[in-house]
Amino acid sequence: MKEARQLAILDLLINHKSLTTEALSVALSVSKETIRRDLSELQAQGKILRNHGRAKYIHRENQDSGDPFQSRLKSHYAHKADIAREALSWIEEGMVIALDASSTCWYLARQLPDIDLHVFTNSQPVCQTLSKRKHIQLTCSGGTLQRKYGCYVNPSLISQLRSFEIDLFVFSCEGIDNSGVLWDSNTVNADYKSLLLKRTAQSLLLIDKSKFNRSGEARIGHLDDVTHIISDAQITAR
């Protein structure tokens with residue numbers, strides 16, 4: 001019954017742009033709780049995308065359909081800059097830190113003081129910004145440049161990281177769903193974040209409040225894997 005119902009859900013979503021949990025509940029004559037459980041399983045399988053009580057089918061041609069880096073820079077930029085400024089207190093001279101290719105980490109890179117730091121990143125814009133600092137040792141992951149996302153993809157990343165003792169991994173994501181799963185909009189960035197999250201003892205998630213209760217197309221990990229969080233919701237509450 002569950003398998004047939006989930007196939008029916010997929011069929012409905014394929015034929016509609018998106019549907020609410022309530023609409024699916026009515027269409028299949030089951031409770032909303034049952035639909036939510038089915039949607040959670042389908043999301044974990046990478047077949048659907050959930051956002052604010054709605055669900056849509058992920059077509060294969062829509063994989064890696066995240067917004068370009070330049071577009072992300074303009075989205076909630078004031079909040080991202082405030083969050084990045086708050087993150088500065090976590091970074092001390094002599095540390096080895098890793099940054100992802102998020103726009104929030106780019107705002108952080110712009111504000112980093114020119115002190116004795118070692119920064120590892122897969123972000124082309126972060127590399128360009130930090131290349132001007134005399135005292136920051138900069139290591140780029142290298143690999144193939146994905147211009148849309150402003151990041152490098154390197155299949156040798158695992159072996160490359162063996163020579164690093166990273167003190168802190170700083171990153172952002174597309175969203176955190178109701179189950180605490182961290183999502184990104186494309187596999188290009190998600191794979192890098194997932195790997196760093198598993199291989200570093202401390203992580204700092206920078207996320208604006210618009211990304212709570214949202215999912216994406218590529219899973220990074222779980223909120224339980226993150227050791228520290230900074231959001232504009234916390235900053236505003238002070």
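The pLDDT is the predictor's confidence in each residue, on a scale from 0 to 100. In this protein the pLDDT averages 87, and 90% of the residues score at least 70. Over residues 61-65, however, the pLDDT is below 50, although this stretch has 14 contacts in the model beyond near neighbours in sequence; a contact here means heavy atoms within 4.5 Å. Where pLDDT is low, the predicted coordinates should not be read in detail. The model is a predicted one, in which local features need pLDDT of at least 70 and side-chain atom pairs count only at pLDDT 80 or more, while totals for chains, interfaces and linings use all residues. Residues are numbered from 1 along each chain as its sequence is written, and side-chain values use heavy atoms, with hydrogens and water left out.

The protein contains 10 helices and 14 strands, taken as DSSP runs numbered from the N terminus (helices are H or I with at least four residues, strands E with at least two). Of its 238 residues, 49% count as buried, that is, under 20% relative accessible area, with exposed over 50% and partly exposed in between (1.4 Å probe, protein chains only). Among contacts with a separation of 6 or more, 63% come from residues 24 or more positions apart.

Helix H1 (residues 2-14) packs with helix H3 (residues 32-44) at an angle of about 80 degrees, the axes being 10 Å apart. That makes H1 roughly perpendicular to H3, a label given to angles of 65 to 115 degrees (under 35 is roughly parallel, over 145 roughly antiparallel, and the rest oblique). From H1, Lys2, Arg5, Gln6, Ile9 and Leu10 meet Thr34, Ile35, Asp38, Leu39, Glu41 and Leu42 of H3. By class, this contact has five nonpolar, two polar and four charged residues.

Elsewhere in the chain, Ala98 sits in strand S4 (residues 96-99) and is buried, with a relative accessible area of 0%. Setting aside neighbours within four places in sequence, Ala98 is in contact with Phe120, Ile166, Leu168, Phe169, Val170, Tyr192 and Leu196. Ala98 and Ser203 lie 105 residues apart in sequence and 9.3 Å apart in space, C-alpha to C-alpha.

Thr200 occupies the loop between helix H9 (187-199) and strand S12 (203-207). At 11% relative accessibility, Thr200 counts as buried. Its side chain reaches the backbone oxygen of Leu196 at 2.7 Å. Neighbours within four places in sequence aside, Thr200 is in contact with Ile166 and Phe169.

Note on methods: Axes are lines fitted to C-alpha atoms, for helices over the stretch in contact, and angles run from 0 to 180 degrees between N-to-C directions. Ala, Val, Leu, Ile, Met, Phe, Trp, Tyr, Cys and Pro count as nonpolar, Asp, Glu, Lys and Arg as charged, and the others, Gly among them, as polar. A polar contact is a pair of N or O atoms within 3.5 Å; within protein, one must be able to donate a hydrogen and the other to accept it, and residues adjacent in sequence count only if both atoms are side-chain atoms.
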